[in-house]
Amino acid sequence: MILSALNDLLYGFSVALQPANLVWCFTGVLIGNLVGVLPGMGVMAAISILLPLTFSMPPVAALLMLSGIYYGSQYGGAICSILLNLPCHPPHAVTCLDGYPLAKQGKGGVALGITMLSSFAGASFGIIEMIFFAPALVTVALHFGAAEICSLMVLGLLVGSTLAKGSPLKGISMTLLGLLLGLVGTDINTGIGRFTFGIHELLDGIEIVAVALGMFGIAEFLKSVNNVRPIDTSHTHIKLRDMCPSRSELKQAAMPMFRGTIIGALCALIPGTGPTIASFVSYATEKKLSKTPERFGHGAIEGVACPEASTHSSVQGDFIPTMSLGIPGDAVMALLLGALIIQGITPGPALMSAHPDLFWGLIASFWIGNIMLMVLNVPLIGIWVKLLAVPYRILYPSALFFICIGVYSSTNSITPVILTLAIGIFGYLLLRLGFHPAPILLGFVLGPRFEDEFRRAMILSRGDVMVFAEKPISAAILCLTAILIGYQIYAAFRNRQAVGGKMEELDNSLTVEE
């Protein structure tokens, strides 16, 4: 098995090292690094804007570039967190706690050096996890029928929605909205238009580009347009020799780095968790295990090493369920899944055998891209800091311009542009009301596939719904789904009781004071 995996990996390097693929990989990680630095310009927005560009690209090159943007952005986000106390993206909010105090102590270079090592170590472990775990998962998944795949999609959708930001109930409602959006268009079996409201342009369905750019481009920009926070650049003068940690600092960071990597790898196997949850869990675990927890928050090396290793391990591991099962773990993976579907490739258990160049070329590009990022970060730090001085109100109109061009170029029609603007305004209202739009994309991408598998299961069972309970694997997955729903209800009830108890104590204290 190990020898076979190594042979496949060598084949992957032969694909990834082709000049054209190498250029696209470099382009992806460079753009990702830039995206990681700029606040408000999230990964989802960047991938959405560049998605129309991939329509005319080979599938391998397209996926290498889009993936490079995803994991490349994590490196740029760490730079801002440590040097500027500016968590441009959620996973790096934890890094600020100890990274910026280290920068104020004159150890910003050391913090960046530890971050680079932790990031590469975490990413490498995530890649190795994908090399050996994904094929094993594919072997099991090949025994899945329509009922099992349908049940697995239900679990993936539920996990992705309940672990989203805010209320689980809001997350589920957003997933259902995404499922409805995915059903818009002509029914393949009957030829009847669904949810088109007499608009002929909707008979072909809503383009994923319109949903992605509206929800994660226009909506996020509208939310962040007033971002005028002053930036302190007094701690950004870093030289190469400043980034070399001492032997004692390396020893101090080694075990936290290892523990963070393991936690991130485990979180990656659970759809919906993502790098943000992995970084918070690893930081909390490291603080609890430390003999001197009071150092955390005041410049502890461990507080930088563990969350960064966990973040990158989780990011690379997120590709396992997406590529091997066709179940995206989060919104970014759902968008990458949509990019593959646009290219005519169906992610799932058959992907590894049908498109080995895509699967193994992607894995090999991860190592190449991470090495590129380690080399790129040092000379580009000064440039990234200067870019942060550009007012966001200047970046905003240019980003909207590229969004409109990207949507128009996908169909050469003005209707998707209008639809994207409408979805963007609707997404902004959802954000203002506390509804996070990420589960919408999960439901939108998986909706048509879920419908196809459900119909296939019904046809094979002659309309017997009990087929989902009679199949052992399907029944086990549905049991996990029921347990998750029960836990969410219990957690909500417990939180309500805790809030009620605190309110009662407050009322009693006010009564005593009176």
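Visitor: Is Cys25 buried or exposed?
Guide: This is a predicted model: local features need pLDDT of at least 70, side-chain atom pairs count only at pLDDT 80 or more, and totals for chains, interfaces and linings use all residues. Residues are numbered from 1 along each chain as its sequence is written, and side-chain values use heavy atoms, with hydrogens and water left out. Buried means under 20% relative accessible area, exposed over 50%, and partly exposed in between (1.4 Å probe, protein chains only). Cys25 has a relative accessible area of 2%, so Cys25 is buried.

Visitor: Which class does Cys479 fall in, at 46% relative accessibility?
Guide: Take the value for Cys479, which is 46%. The class between 20% and 50% applies, because that range lies between buried and exposed. Cys479 therefore counts as partly exposed.

Visitor: How many disulfides are counted?
Guide: A disulfide is a covalent bond between the sulfur atoms of two cysteines. The rule here asks for a pair of cysteine sulfur atoms within 2.5 Å. By this rule the count is zero.

Visitor: How many helices are there in the protein?
Guide: Helices (H or I, at least four residues) and strands (E, at least two) are DSSP runs, numbered from the N terminus. The protein has two strands. Its helices number 21.

Visitor: Which helix has the highest mean pLDDT?
Guide: pLDDT is the predictor's confidence in each residue, from 0 to 100. The protein averages 79, and 85% of the residues score at least 70. Among the elements, helix H17 (residues 392-411) has the lowest mean, 71. The highest, 87, belongs to helix H2.

Visitor: Where do the buried residues of H8 lie, seen down its axis?
Guide: Helix H8 (residues 168-183) has buried residues Gly171, Met174, Thr175, Gly178, Leu179 and Gly182. Seen down the axis, they fall within an arc of 145° (the arc of the directions from the helix axis to the C-beta atoms). They therefore line one face of the helix.

Visitor: How many of the 12 residues of H14 are buried?
Guide: H14 covers residues 331-342. Among its buried residues are Ala331, Met333, Leu337 and Gly338. H14 is largely enclosed by the rest of the structure, because the number of its residues that are buried is 10.

Visitor: Which residues is Ser151 in contact with, leaving aside neighbours within four places in sequence?
Guide: Ser151 lies in helix H7 (residues 146-162). At 1% relative accessibility, Ser151 counts as buried. Contact means heavy atoms within 4.5 Å. By that rule, Ser151 is in contact with Phe468, Ser474, Ile477 and Leu478.

Visitor: How far apart in space are Lys287 and Gly303?
Guide: Lys287 is in helix H11 (residues 274-289), and is partly exposed at 37% relative accessible area. In sequence, Lys287 and Gly303 are 16 residues apart. In space, their C-alpha to C-alpha distance is 7.9 Å.

Conventions
Expected span 1.5 Å × (residues − 1).
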